[in-house]
Amino acid sequence: MTRPIALALTAALMTLAPATAAEKRTLPGIEEPYKTDAFIADPMPAIDAALARAKASGKPVLLIMGTGACHDSAWLANLLTTGRFAPVRARYEIVYADIGMPHVKDQGRNPDVPKRFGFRIKGTPTVAILDAEGTVRNRKAAPKWRNAASRSDDDIYNELMGQERERHD
């Protein structure tokens, strides 16, 4: 008796799954939240400039290594432009470094960027928080942003706003 009920419940849930998976999230004021041109094709000068500004301002640098062709990278870049994320923009010197998708054969660009900060990219975006000297403050958390488009806005906001408490790991 319980087996037919379980099968019926499974079948009912499976009919809901495609609709849920196909749903796309929206961002206020952004027509295509999964596309962006925010990522800089030649990012090293922008990274150096952000580090120099960080020395002067005392702010950390938020280095987002990704590409506009990655839906998670584009989502995060667009999310950070929304009004809710103004405090995040105020807290960091932000750089969007176009590294392509080095975890996909022949899709990587600017390999000197992740190499400079000691990363082997397994997915994009990889989000590094740097101090003014270029030391990575979130080494363990940086690669975990590969699912940015699936994270809640609250989780992203809270993690980025709480990073200053994180010690070197």
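Figure 1. In β3, Leu62 finds its bridge partner in Ile129. The model shown here and in the following views is predicted. In total, β1 and β3 are joined by five bridges and run antiparallel. Strand β1 also pairs with β2, here in the parallel sense and over six bridges. Within that pairing, Asp98 of β2 is the bridge partner of Gly66.

**Figure 2. Burial of strands β1 and β3.** Six of the six residues of β1 are buried, so this strand is largely enclosed by the rest of the structure. From β1, Val61, Leu63 and Met65 point one way, while Leu62, Ile64 and Gly66 point the other way, and all are buried. Strand β3 is likewise largely enclosed by the rest of the structure, because five of its five residues are buried. Both faces of β3 are covered: on one side lie Thr126, Ala128 and Leu130, on the other Val127 and Ile129, and all are buried.

**Figure 3. The nonpolar cores and the surroundings of Ile64.** The largest nonpolar core comprises 24 residues, and those with the most contacts inside it are Leu62, Ile64, Leu76, Leu80, Val88 and Leu160. Two or more residues are given to this core by each of the elements β1, α3 (71–79), β3 and α6. A second, separate core has 20 residues, including Met44, Ile47, Val113 and Phe119. In soluble globular proteins, nonpolar side chains tend to be buried together.

**Figure 4. Helix α2 and its buried side.** Helix α2 spans residues 44–57, and at 1.5 Å a residue its 14 residues should span 20 Å; the end C-alpha atoms are 20 Å apart, which agrees. Met44, Ile47, Ala50, Leu51 and Ala54 are the buried residues of α2. These residues cover an arc of only 120 degrees around the axis, which puts them on the same side of α2. An α-helix has 3.6 residues a turn, so residues three or four places apart point the same way. The elements that cover the buried residues of α2 include β1 (61–66), β2 (93–98), α5 (112–116) and β3. Just after α2, Gly58 adopts a positive phi of about 85 degrees.

**Figure 5. Salt bridge between Asp153 and Arg25.** The structure holds seven salt bridges. One of them joins Asp153 to Arg25, with the closest N and O atoms 2.5 Å apart. This pair links distant parts of the chain, as Asp153 lies in helix α6 and Arg25 in the loop between α1 (2–22) and α2, 128 residues apart. Asp153 has a relative accessible area of 25% and is therefore partly exposed. Arg25 is also partly exposed, because its relative accessible area is 27%.

**Figure 6. Salt bridge between Asp98 and Arg109.** The side chains of Asp98 and Arg109 form a salt bridge, at 2.9 Å from N to O. Distant parts of the chain are linked by this pair: Asp98 belongs to strand β2 and Arg109 to the loop between β2 and α5, eleven residues apart. Asp98 counts as buried because its relative accessibility is 11%, under the 20% limit for burial. Arg109, at 38% relative accessibility, counts as partly exposed. Asp98 is also the bridge partner of Gly66 in the strand pairing of Figure 1.

**Figure 7. Salt bridge between Arg151 and Glu159.** A salt bridge brings together the side chains of Arg151 and Glu159, at 3.0 Å from N to O. Arg151 has a relative accessibility of 13% and therefore counts as buried. Glu159, at 23% relative accessibility, counts as partly exposed.

**Figure 8. Asn147 in the loop between β3 and α6.** Asn147 is located in the loop that lies between β3 (126–130) and α6 (153–162). With a relative accessible area of 36%, Asn147 is partly exposed. Its C-alpha atom is separated by 9.0 Å from that of Gly123, a residue 24 residues apart from Asn147 along the chain.

How values were computed
Residues numbered from 1 in each chain as written. Predicted model: local features only at pLDDT ≥ 70, side-chain atom pairs only at ≥ 80, totals over all residues. Heavy atoms only, no water. Helix = DSSP H or I, 4+ residues; strand = E, 2+ residues; numbered from the N terminus. Buried < 20%, exposed > 50% of the residue type's maximum accessible area, 1.4 Å probe, protein only. Expected span 1.5 Å × (residues − 1). Arc of directions from axis to C-beta. Contact = heavy atoms within 4.5 Å. Core = buried A, V, L, I, M, F, W, Y, C linked by side-chain atoms within 4.5 Å. Pairing = 2+ DSSP bridges. Salt bridge = Lys/Arg side-chain N within 4 Å of Asp/Glu carboxyl O.
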